[in-house]
Amino acid sequence: MDAERSSLCNFVVNFLMEENYLLTAFELLHELLDDGRDAQAIRLKEFFSDPSRFPPDQISRYNSIRVADPQSLLEEKEALSEKLAISEYEFRLAQEDITRLKTEGQKKSDCSIDKLKELETDEFGDSRPEIQRKKKDFSFTDIGPLKNNERRDLNCAVKEYLLLAGYRLTAMTFYEEVTDQNLDVWQDSPARVPDALRYYYYQYLSSTSEAAEEKIAMLQENESLKKEIEKLNKEKDGLLKSKENFEEQISAFNKSTESLQKDLRDREKQVQSLKQSSEHQRRNLNDCRAEITSLKMHIEGSRAGQYVSASEVDGLQSQSVEIVEKQINSLPEEVEKPTVESDGSLISESSISVVKKGHTQAEDVLVEEEVKNIIPDQRGGAAEASNVSYKDLNSTSENQKEVSNYLLSPSNGKFSPRDLESILKVDSGIGRGSNSKSENANDEAASEETGLGTIQILADVLPKIVPYVLINHREELLPLMMCAIERHPVSSTRDSLTHTLFNLIKRPDEQQRRIIMDACVSLSRNVGEMRTETELLPQCWEQINHTYEERRLLVAQSCGELAEYVRPEIRDSLILSIVQQLLEDPATVVREAAAHNLALLLPLFPNTDKYFKVEEMMFQLICDPSGLVVETTLKELLPAVIKWGNRLDHILRVLLSHSLSSAQHCPPLSGVEGSLESHLRVLGERERWNIDVLLRMLMELLPAIHQKAMETCPFSCISKSEESTFSISLLETYAEGRSEWPMFEWMHVDCFANLLQLACMLPQKEDHLRNRITKFLLAVSERFGSSYLTHIELPVFLVAVGDDEADLQFLPSAILPRIKGLKPRTAVANRLATLCILPLLLAGVLGAASKREELTNFLRQLLVESKTKENQSSKCNNEVLDAVRFLCTFEEHHNMIFGILWEMVVDSTAELKINAAKLLKTIVPYIDAKVASGNVLPALITLGSDQNLNVKYASIDAFGSVAQHFKVDMIVDKILVQMDAFLEDGSHEAIIAVIRALIVAIPHTTERLRDFLLSKIFQLSASPSSSTDVVRRRERANAFCEAIRALDATDLSQTSVREYLLPAIQNLLKDPDALDPAHKEAIEIIMKERSGGTLEAISKAMGAHLGIASSVTSLFGEGGLLGKKEATETTAVAPSSPTLQGPDSPKAVAAATEDTRFKRIMRGNFTEMLRSKAKNQDETPPQNH
């Protein structure tokens, strides 16, 4: 387009110079220079600077021509008119000659052009440089003189071009120079076309040889493109075929995978069946042990018999050995069966035999050892049997008697005859000798009956024994209980024993609960899924509403630990419902245990169908009022939910939604629509807690967010390491917007926007929540890297505070409208951004370690450079100071802030000094005594000595803040010296400022400063005010009264009371017109209590002095002020003082009359109420109610 404009401009320049339109050419030169198009103006510059055409002396002579007077101009005009008439006549003659000559010249030029073309074609051929040179030398005269119709068409075309190009001055001059044609009317002709000059230009270009060559080149290019397209189509077909092949392979793989999974499930079932058979074999082994034990008892009984021969003993031993060895040898044969491993691969019989033998080897060895211990050596069997002593027989009978006596003892409970009968059967079986071969054949049946009898006895005895066992030793009964529960054949008896198991200890501690739960887990492992579901879990769940929280804790633990031993469909239905019910438990420890066990339960769920229910339960636990529950949820449950559900994006959306809704449901700070306060919310305790824990949750999720962003990066130039950060090259690739990266964009598009929206609802006092957001932003900049902080995070926050110079080049164009939408559009939005977002920008974004220098420059520009501008809004100034106050809560920025404060202190602008005093006042609560003495006090002393009174008074408030927070003698001394200097000034404003500044510090400062203030009040009240203005006198008296009431609430020495307090009160009572009635009432009470005299004496003295009735008597009488208040029981709640705390109701003042100090503190709480009352009386006229 630029080349086209240059060509058209050169064409116009040639035309104007050829036609000698010099004025138009001169105007065109100036317009080209104004437009900065110096390249197109070179020829015109050279033309008009040529001294041969425009001699310098002639130009200077024209410049020196004096201005003619009107008379001479009139004469010259007449002479020129005569010459003009002659010239017109000569001009008409010349035009006729020119027309004739033009016709002849046209004919000659046509012939010469044809000859010239033939010569060029024959002589030069395709010599392109020569052709280009001739084109450059080509002019209008080469094609003959212009005809009138051609001139008119070209004039109209040039005029149209000048107007379209914006050269209006040149067009006006062109109008003046073309006098023989009306350029506004273009007669119909073939040359009349829209935008004619460009059309002529294009026609000329299309008629040249270059245009033909260009067309040929375009045709060749089209041919090459067609071939390329055909090649790409072939490649596409090949890719489609390969895709189909891949899809076929994938389908084949899927089918094979399904078959393998089916095979795996079958083999898992086979594994389960083999496990069950293994359990069965283990039980048989236990039965064999019981039989061996009974056999041992039989052998011992046979040894004790005196009439048993050695041959009978040998036969009995040989038969017993054969039976036991057959049973032992049969066990490995039954166990050695083919099985499968857990991963689905088949195991050979030999390998499974080795595995089974490895598991049961210890048990087989024990059995064999028992058999060997039972059976003596065959060679010494007869001698040993014949030498059995009668003592062994007696000992056996004595042991049986002891057992019987223990069971029949009253301390061990009462037994039914049936129980005694079973016991006798066991005893008779034990003591009976094997005297015949028929009895040996029935040993197995007898042992089985004996085992069941023993289990029955155990089941009957255990519930009766448990209450008489010490609590700390009841866990020793757990093996017996587990054995009875596992082996008893009756379900009702098992339920009763299971109930006893869970209620073994009334209020079990943590260790005891662990023992009980381990027993339950072991029992569940032995009895299987069905019995666990039908016997163990119901007994556990019966205690979900138990009175003792320790029992409910057992329920919570069972949900997580017993879930492994039930069917999968039970886990995410019944057990999950029990956990959900436990979340509503009033005990904190139960809810914490529910959160812990829910985290254990999630990996056991068969699918994620209950994800949204679990997520809702997690957020319920996150917002729990107990910090212990929240901590467990954040550390254990939250990672488990993310790992199980794999829906981090949904968790983040719900988190931000809950955070905003918690703030939005709170009432606004002001009901005035459109005001700044209407956007801020009054947070309740629950809402503040919810927002705080949700921000903690967001901080816990930050590593997962970063890892997810790294894993989902669509670009190949990023490392997949967790510790990697986002480089500038990656951000540049991301800014091109060629690929979507939703997890990365979530941070600066959704998260930052929602955090800014939340911050704009937090009032100034919510520094804790603002601090949470700041820490999150600092963590983001640390984890995502300095490049992300500089090019993405910082521009977003600069836009949010209204900065128009934010660099957004690293953000894709698709999200730019959303980022720019964060910019405040109204004045209230600007104030809100300064109040709520600027603190986050200063502390959370620029507060990063890599941005310290930028923070210094930004803060200096904000506090120093911007304040030098005129018409600076004081409201905006206060909001900026509050943002800097929040930055002061971070100790690492104190040195930088003090450096800028000193620049403000030594500046010549009064407003900067006042702002410096305000900032020094705000930073005091966040520094120590060393910093206060070395930095704050010198700056305040410098400001206090300033000549500007506003600066001086602003420093007084800051001194009061220092006195409030520090009790160091050196600091107090400096404050006293400076306050004394302020009071020596003697101005009303200085006195009021000093008194009010020290009132704030009274409850927290030293006794020296209190005595100083009391002495100054005495001195100032002793000298009557020279002012006749009642308002100023009342303001002075109110300040003194407030100080006296605040001092009265502290422990004053008797000397100070006698020498300063009481005389000061007397001095104030001398000017009753200046005293507020409420203040007067209060200081009279103080005077009564502190003086130790009677109430009536003081009141009469005051009445006689002031010429009024007994004010105190009228005060406390039934018709008095306080009497009416007590009679009607109306209480006025005073605004809480920033320095004094007390009850809300003034009725407490009249109660407990003996505690005078408490009453003084109560009265001190009326300060703000009385001050506001006095202000209302001054500003509003009295009204009749």
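Analyst: Glu 700 and Lys 635 form a salt bridge, with the closest N and O atoms 3.1 Å apart. The model is predicted.

User: What makes the contact between Glu 700 and Lys 635 a salt bridge?

Analyst: The closest N and O atoms of Glu 700 and Lys 635 are 3.1 Å apart, and the cut-off is a Lys or Arg side-chain nitrogen within 4 Å of a carboxyl oxygen of Asp or Glu. The pair therefore counts as a salt bridge. Glu 700 is in helix H28 and Lys 635 in helix H26 (residues 627–645), 65 residues apart, and the pair links distant parts of the chain.

User: Why is Glu 700 called partly exposed?

Analyst: Its relative accessibility is 33%, and partly exposed lies between the buried limit of under 20% and the exposed limit of over 50%. Lys 635 has 47%, so Lys 635 is partly exposed as well.

User: Which residues does Asn 690 touch, leaving out those up to four places away in sequence?

Analyst: Asn 690, in helix H28 (residues 685–711), touches Cys 623 and Ser 662.

User: Why is Asn 690 called buried?

Analyst: Asn 690 has a relative accessible area of 11%. Buried means under 20%, so the label applies.

User: How do you know that Arg 552 and Asp 585 form a salt bridge?

Analyst: Their side chains meet at 2.6 Å, N to O, which is to be set against the limit of within 4 Å. Arg 552 belongs to helix H22 (residues 549–561), while Asp 585 is in the loop between helix H23 (568–582) and helix H24 (588–601), 33 residues apart.

User: Are Arg 552 and Asp 585 buried or exposed?

Analyst: The relative accessible area is 9% for Arg 552 and 8% for Asp 585. The limit for buried is under 20%, so Arg 552 counts as buried and so does Asp 585.

User: What makes the span of helix H19 agree with its number of residues?

Analyst: Helix H19 (residues 491–502) has 12 residues, which at 1.5 Å a residue should span 16 Å. The end C-alpha atoms are 17 Å apart, so the values agree. Among the buried residues of H19 are Arg 494, Leu 497 and Leu 501.

User: Why is Tyr 204 called partly exposed?

Analyst: Tyr 204 lies in helix H9 (residues 196–206) and has a relative accessible area of 44%. Exposed needs over 50% and buried under 20%, so Tyr 204 is partly exposed. With Tyr 202 and Leu 205, Tyr 204 forms a nonpolar surface patch of about 280 Å² accessible area together.

Key. Residues numbered from 1 in each chain as written. Predicted model: local features only at pLDDT ≥ 70, side-chain atom pairs only at ≥ 80, totals over all residues. Heavy atoms only, no water. Helix = DSSP H or I, 4+ residues; strand = E, 2+ residues; numbered from the N terminus. Buried < 20%, exposed > 50% of the residue type's maximum accessible area, 1.4 Å probe, protein only. Contact = heavy atoms within 4.5 Å. Expected span 1.5 Å × (residues − 1). Patch = residues over 30% accessible without salt bridge, like charges linked within 9 Å, V, L, I, M, F, W, Y side chains within 5 Å. Areas by Shrake-Rupley, 256 points an atom, 1.4 Å probe, with all protein chains shown as cover.
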